[in-house]
Every structure is written in C-alpha cells, then in structure tokens.
Amino acid sequence: MTPKTTVTARHAAMNLLARREHSLQELRRKLGSRYEAEELENALLSLVQDKLQCDVRFADSYARERIRKGFGPMKISAELQKRGVRSSIVDQALQRVLEEGGHTWQRLAEQVLAQKFGNAPSADLKEKSRRIRLLESRGFGQHLPSSVDKFD
C-alpha cells in the first residue's frame, strides 16, 4: 500500500485558482472544512503576498464575464459583495471594465433589449413593462435606456 499524500491548504487553493479566479472569501468557504483555520489563513496570506490571489483581479474578471452575459451594475455589484469583495474594489472594477470595453450601462441595456426583443419599439404599456422588468432583473435599475419608453 502506498501512503496517502496530503495536499496542503496552499496547494489546494492553487488548484482552485488554476481553474479560475476566486475571492479570498470563496477560497475560505471552499477549503474551510478541510483545513485548520490557522493553516488555511497562512496559506491564503502567502498566496496574496505571492500575487497568486487578488480580489481586484477577481472582481475585474467576474465583472467582465457578467457584463458579457448581459448583466448590469447593481446585480454584478451585489454578486461580488456576496463573494466578499469590498465595495470600493467593486466600484473600481466596474468602472475599469466599462472603460476598457468602451461601454456605457445604457448602451449595454439597449443591447440586452435588442437581443431579447429586437429593435422594434414597445407596442403597448404591457410590452414596455416586460422590457423594464427584464432590465431590472438583470441589474440595470436606474440605467434604463430611453428606447424603453418608445411606443409604436
């Protein structure tokens, strides 16, 4: 029989980070039951010091992906904060990702509407309500485009 090899907390965290970026809170949650708190915290601290884990990089990556899937600032912000990213980092990440893509929230909301409903204006109040609900559920809230108000 071969002896069981034990995977260190650092190695387990690096395996998770090799697949995708994670926030510190996500790593703590995923690895917390497998390792002692002190060992895990030391491993996470060393990953941060070695720049292998970074909440700023995670927030940028996450925001970029969610924007690509048609989500707005309120939803992305709430999801990142739920994952333990500080609100100041979230705000900066949203601004950075918007600037690098040359987007505005209104333009992204218009793209979501066009993808779902086409470019035709709302036929009636019921249709307008459907469009507004879609945008609000995607997290656009106050960033509703003016095209949502147009009727045929």
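Trainee: Is Arg 66 buried or exposed in this predicted model?
Mentor: The model is predicted. Arg 66 lies in helix α4. Its relative accessible area is 16%, and buried means under 20%. Arg 66 is therefore buried.

Trainee: Which residues does Arg 66 touch, not counting those up to four places away in sequence?
Mentor: Contact here means heavy atoms within 4.5 Å. With residues up to four places away in sequence left out, the residues that Arg 66 touches are Phe 71, Lys 75, Ile 76 and Glu 79.

Trainee: Ile 76 is on that list. Which residues is Ile 76 in contact with, leaving aside its neighbours within four places in sequence?
Mentor: Ile 76 is among the residues with the most contacts inside the largest nonpolar core. Beyond its sequence neighbours, its contacts are Ala 63, Arg 66, Ile 67, Phe 71, Leu 94 and Trp 105.

Trainee: How many residues does the largest nonpolar core have?
Mentor: Helices α4 (55-68), α5 (73-82), α6 (87-101), α7 (105-117) and α8 (125-137) each supply at least two residues of this core. Those with the most contacts inside it are Ile 76, Leu 80, Val 85, Trp 105 and Phe 140. The core has 24 residues.

Trainee: How many residues are in the other core that lies apart from it?
Mentor: Ala 9, Ala 12, Leu 17 and Leu 31 are among the members of this other core. In soluble globular proteins, nonpolar side chains tend to be buried together. The core that lies apart has 13 residues.

Trainee: How far apart in space are Ala 9 and Leu 40, C-alpha to C-alpha?
Mentor: Ala 9 has its place in helix α1 (residues 9-19) and is buried, with a relative accessible area of 1%. Its contacts, leaving aside neighbours within four places in sequence, are Leu 31, Tyr 35, Glu 39, Leu 40 and Ala 43. Ala 9 and Leu 40 are 31 residues apart in sequence, yet their C-alpha distance is 5.6 Å.

Trainee: How many helices and strands are there in the chain?
Mentor: From the N terminus on, the elements run α-α-α-α-α-α-α-α. The count is eight helices and zero strands.

Conventions. Residues are numbered from 1 along each chain as its sequence is written. This is a predicted model: local features need pLDDT of at least 70, side-chain atom pairs count only at pLDDT 80 or more; totals for chains, interfaces and linings use all residues. Side-chain values use heavy atoms; hydrogens and water are left out. A nonpolar core is a set of buried Ala, Val, Leu, Ile, Met, Phe, Trp, Tyr and Cys residues joined through side-chain atoms within 4.5 Å. Buried means under 20% relative accessible area, exposed over 50%, partly exposed in between (1.4 Å probe, protein chains only). Helices (H or I, at least four residues) and strands (E, at least two) are DSSP runs, numbered from the N terminus.
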